[in-house]
Amino acid sequence: MAHSPRITFLAPTDAAELSDGLVDSRLSSLLTLLSSSHALTITSFSGTGPGAGADIPESDVVISRVDGRQVGGSVTQFGAQSAALIALVNAQQPPYRPQSAVSETDGVKISFSQPEPFGLLAGTSP
């Protein structure tokens, strides 16, 4: 998925984190779903808590564009685009529904709780 033509990364390190399995599997699954019908621009991954080791997957993402249109910002700026993305994300069933999806200055931030459920995807480990 890190090499998908439907996902653009503003930081090259973010593509590497995704391909190296350093992104929460729930977040990876959600990005796969979203990018199956939309072109996404990923601003950043983040989310490891204080004292977390390097092997703890990133559990947050900021998406700044969907299909080339800006998302995030104030309600008057990009409200319809942001609301549509947030509604789609919040329509997911647990455990793939994030803890939060909010509009921020630089995009829509989607956050999953940590740690991710053990064994959620076959062949993964915490």
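1. From the N terminus on, the elements of the chain follow the order β-α-α-β-β-β-α-β-β, that is, 3 helices and 6 strands. Helices (H or I, at least four residues) and strands (E, at least two) are DSSP runs, numbered from the N terminus.

2. This is a predicted model, in which local features need pLDDT of at least 70 and side-chain atom pairs count only at pLDDT 80 or more, while totals for chains, interfaces and linings use all residues. Residues are numbered from 1 along each chain as its sequence is written, and side-chain values use heavy atoms, with hydrogens and water left out.

3. Of the 126 residues of the chain, 40% count as buried. Buried means under 20% relative accessible area, exposed over 50%, and partly exposed in between (1.4 Å probe, protein chains only). The chain exposes about 6600 Å², and carbon and sulfur atoms supply 57% of this area; accessible areas come from the Shrake-Rupley method with a 1.4 Å probe, and for residues only the protein chains shown count as cover.

4. Among contacts (heavy atoms within 4.5 Å) between residues at least 6 apart in sequence, 58% join residues at least 24 apart.

5. Strand E6 (107-111) has 4 of its 5 residues buried. E6 pairs with strand E3 (residues 60-66) in the antiparallel sense over 4 bridges, with Val-62 opposite Lys-109 in E6. Strand E5 (residues 100-104) also runs antiparallel to E6, joined by 5 bridges; here Ser-103 has Val-108 in E6 as its bridge partner. A hairpin of 2 residues links E5 to E6. Two strands pair if DSSP finds at least two bridges between them.

6. Pro-115 lies in the segment after E6 and is exposed, at a relative accessible area of 69%. Pro-115 and Asp-24 are 91 residues apart in sequence, yet 8.6 Å apart in space, C-alpha to C-alpha.

7. The largest pocket has a volume of about 150 Å³. A pocket is, on a 1 Å grid over the protein atoms alone, an open set of points where a 1.4 Å probe fits, with protein on both sides within 12 Å along at least five of seven lines; lining residues have an atom within 4 Å of a point. Grid points are joined across faces, edges and corners, and the volume is the space filled by probe spheres set on the points.

8. Helix H3 (residues 75-90) gives the largest share of that pocket's lining, 4 residues. Lining residues include Leu-34, His-38, Asp-67, Arg-69 and Gln-81.
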